[in-house]
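I opened this entry to record what I looked up in the chain. I took the helix packing, then the sheet, then the totals.

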Amino acid sequence: MSTRLRALPVEHHSPSITPLGKVESQKIHRHIPLVRPGRVYWLTGLACTGKTTLGRLLCSRLRSQGRSCIHLDGDELREAFDNDLGHGFGDRWRSARRYSRLSRILAEQGIDVVCSTISLFHEVQRWNRAHIRNYYEILLRAPLPVLIARDRKTLYSRALRGEIDNVVGVDLPAQEPEHPDIIIENDGSRPPETVLDLLVQALGLR
């Protein structure tokens, strides 16, 4: 069964169809709502400091408060971009720049962004400060033995034995934020939900 589209008749001499004047245009623009810039919560730190777990919890909390929020995770972003970059210093830097710009694009459209990423580069952190409105930098730390115990991929252990390379904090430098808004010592002594409550309180989201 096919449906033919029929053109609507046009009344060429209808007095109701007139050019849109300056006054009418201004009236229309006054009714267009302005988009509130979203916030970017940049969770950074070494691998296995709990960035992904805390990022997901924070994003869920923001959604429960009626905010539009998206969680960007470093590993998932790599997969989304077809793993086109490696894990060496240069490719990690390019990945971090990519995440920064993606976060800004989403935030400018009114979406809150929680980005869980290592991205320990001063240049990237400074760019975020200069170019992203409502930017919050959150540094997660944990002692190396705790990181090794959490490391399901055994990256730290293998890197320390010299079996693999390109592990941040072992053979690649880690540039912690110079002036983070919040520092969380996430050594595992507190459950993730408790850490989330402390973070939400520090951010003033209650």
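**Helices on the sheet**

I began with helix α2, residues 51-64, which lies across β1, β2, β3, β4 (135-141) and β5. Its direction is at about 170° to β2. The model is a predicted one, and I read the angle as such. Next I looked up helix α8, residues 192-203. Helix α8 lies across β1, β4 and β5, and runs at about 165° to β5.

**The sheet**

Which order do the strands take in the sheet? I read β2-β3-β1-β4-β5, an open sheet of 5 strands with parallel pairing. The edges are β2 (69-73) and β5 (182-185), and each of these pairs on one side only. From one strand to the next, I noted an average twist of 15°.

I then checked one pair inside that order. Strand β1 (residues 40-44) and strand β3 (residues 112-116) run parallel and are joined by 4 bridges. In this pair I found V40 opposite V113 in β3. As background, I noted that strands of a sheet pair through backbone hydrogen bonds, either parallel or antiparallel.

**The whole chain**

I listed 8 helices and 5 strands. Read from the N terminus, the elements go α-β-α-β-α-α-β-α-β-α-α-β-α.

How many of the residues count as buried? I got 35% of the 206 residues. For contacts between residues at least 6 apart in sequence, I noted that 74% join residues at least 24 apart. Last, I looked up the surface: the chain exposes about 13000 Å², with 53% of it supplied by carbon and sulfur atoms.

Key
Residues are numbered from 1 along each chain as its sequence is written. This is a predicted model: local features need pLDDT of at least 70, side-chain atom pairs count only at pLDDT 80 or more; totals for chains, interfaces and linings use all residues. Side-chain values use heavy atoms; hydrogens and water are left out. Helices (H or I, at least four residues) and strands (E, at least two) are DSSP runs, numbered from the N terminus. Buried means under 20% relative accessible area, exposed over 50%, partly exposed in between (1.4 Å probe, protein chains only). Contact means heavy atoms within 4.5 Å. Accessible areas come from the Shrake-Rupley method with a 1.4 Å probe; for residues, only the protein chains shown count as cover. Two strands pair if DSSP finds at least two bridges between them. Axes are lines fitted to C-alpha atoms, for helices over the stretch in contact, and angles run from 0 to 180 degrees between N-to-C directions.
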